[in-house]
Amino acid sequence: MKSIQKPIVIVGAGFAGMTAALNLKKLNPALPILVVDSASNFIFKPLMYEVLSKEIRTWEATPKFANIFSDVGVTFLKNSLTTISFKDNFLEFSDELKVNYQYLVICTGSMPNSFSTKGVDEYCYFFNDLNDLNKLESFLEKLQKTSLQKKIFIVGGGPSGVELACKIKDIFVDQFEINVIEKSNEILYRNKIFNREEAERALEKRKIKVLLNSKVEEVSESEIIISGEDGVTSFAKDIVIWTAGVKPNLHYLKSDEITKKYGRILVNNKLQIENYRNCFAIGDISIIAGMEDLPITAQVAMQEGNHLAKNIELIIQGKNPLPFDYQDNGEMISLGIGEASISALGITLSGKFAFEARRLIYASKLPDINESLKSVSSWIFQKKSIFKKFLKKDNSN
Ligand SMILES: Cc1cc2nc3c(=O)[nH]c(=O)nc-3n(C[C@H](O)[C@H](O)[C@H](O)COP(=O)(O)OP(=O)(O)OC[C@H]3O[C@@H](n4cnc5c(N)ncnc54)[C@H](O)[C@@H]3O)c2cc1C
């Protein structure tokens with residue numbers, strides 16, 4: 001088995017980076033792999049709603065990188081990437097540390113996109129990471145203490161907006177009037193029909209108002225201004241939660257350094273950055289030439305991480321890397337406390353059974369880190385026998 005002199009550096013240890021690192025180490029244990037992340041903990045983002053509702057404790061959904069990687073002999077460094085010198089193969093980090101690499105994998109994920117809408121950055125809450133979750137949770141708890149019913153606007157009728165709306169309604173019952181604002185003519189317009197219909201039912205059951213064909217024009221300290229079929233209307237608000245879109249987290253890239261498409265790094269179908277073929281970009285920050293329609297999801301990020309591990313090993317062994325092929329394994333959404341909807345591989349499920357299955361499936365999709373993630377899935381694994389039919393582990397995630 002061949003090895004290399006300088007390390008493979010993976011920056012960003014979310015779904016894409018972690019999958020790549022752990023699979024690569026498994027394929028070739030002799031490889032020097034350095035994983036760098038600006039955070040100390042992995043965030044299991046699809047389970048953030050359950051953290052908010054306290055169905056899962058924070059520490060269970062956010063295991064420490066140090067524990068995950070030390071178990072398998074991968075070096076982990078907490079640091080924030082500030083500059084890449086593609087020509088000279090080195091990276092600079094926030095404390096001026098410089099690191100040379102033989103192969104580079106960047107996968108620094110997404111951040112909320114306000115689309116330059118006035119007042120969003122100043123006055124909206126977000127739900128993209130643990131910091132957002134903590135801020136939102138403490139604000140909602142503060143609001144809850146006052147007697148009047150409060151008005152929440154959730155901007156974005158995609159999975160995040162819908163899941164959050166149902167969960168908040170179930171946590172706080174009638175303390176909030178919840179409005180979901182969606183600019184297209186239906187919620188979950190990119191999702192499976194079964195899940196969309198289940199979500200519509202879940203919103204209706206909870207008396208959550210949905211304003212379709214509506215666009216947020218501005219948010220101020222006390223109001224939200226929305227344009228829709230009836231013109232422009234200003235509503236008093238207590239809180240606006242912005243889930244209307246994400247953009248790639250690429251602040252360390254110089255503007256014209258590499259080719260981008262729709263703001264994301266363009267890679268070839270081997271996941272390489274075309275002009276620097278020892279460099280790869282995967283997960284939310286990248287877009288594959290010819291596969292521009294892939295969704296921005298953990299499922300894609302993990303499949304790319306898994307495929308990239310195989311490709312890097314092929315390259316090290318002097319062989320040609322293989323084109324990436326995406327397998328749509330379906331989708332799952334949570335719909336309030338104890339409820340979910342699943343449309344996957346010909347199976348559709350909703351309600352309480354789907355809720356349990358969803359969490360179990362997430363845990364089973366992380367086969368190589370089950371040991372380190374015992375925390376995240378401890379209670380789920382106790383129920384493993386009930387869900388055997390969902391547990392067909394495969395490497396395609
Ligand atoms: C609330 C929520 C729910 C979701 N639910 C689902 C779902 O049900 N199903 C699904 O498929 N997808 C879901 N997604 C989307 C999914 O989480 C993302 O698509 C996935 O996390 C992308 O993986 P990634 O590895 O590209 O980025 P991430 O998982 O976001 O990881 C990026 C990592 O890079 C690190 N980083 C960022 N900048 C730097 C830097 N400069 N230096 C070093 N490290 C850096 C971050 O700390 C982070 O650890 C959800 C997202 C959210 C926010």
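Predicted model: local features only at pLDDT ≥ 70, side-chain atom pairs only at ≥ 80, totals over all residues.
Visitor: Why is R196 called buried?
Guide: Buried means under 20% relative accessible area. R196 has a relative accessible area of 13%, so R196 is buried.

Visitor: What makes R196 and E186 a salt bridge?
Guide: The cut-off is a side-chain nitrogen of Lys or Arg within 4 Å of a carboxyl oxygen of Asp or Glu. The closest N and O atoms of R196 and E186 are 3.5 Å apart. The pair therefore counts as a salt bridge. R196 sits in helix α8 (residues 193-205), and E186 sits in the loop between β11 (176-181) and α8.

Visitor: What makes E141 and K54 a salt bridge?
Guide: The limit is again 4 Å. Their closest N and O atoms are 3.3 Å apart, so the pair passes. E141 lies in helix α6 (residues 130-144), while K54 lies in the loop between α2 (48-52) and α3 (58-61). The pair therefore ties together parts that are 87 residues apart in sequence.

Visitor: Is K54 buried or exposed?
Guide: Exposed means over 50%. K54 has a relative accessible area of 55%, so K54 is exposed.

Visitor: How many salt bridges does the rule give?
Guide: The count comes to 19. E50, E55, E163, K167 and R358 are linked in a network of salt bridges.

Visitor: How do you know that β14 and β15 pair?
Guide: Pairing needs at least two bridges between the strands. Six bridges join β14 (residues 223-228) to β15 (residues 231-236), so the two strands pair. They run antiparallel. I225 has S234 in β15 as its bridge partner. The two strands form a hairpin, with two residues between them.

Visitor: Which helix gives the most to the shell around the ligand?
Guide: That is α9, with three residues.

Technical notes
Residues numbered from 1 in each chain as written. Heavy atoms only, no water. Helix = DSSP H or I, 4+ residues; strand = E, 2+ residues; numbered from the N terminus. Buried < 20%, exposed > 50% of the residue type's maximum accessible area, 1.4 Å probe, protein only.
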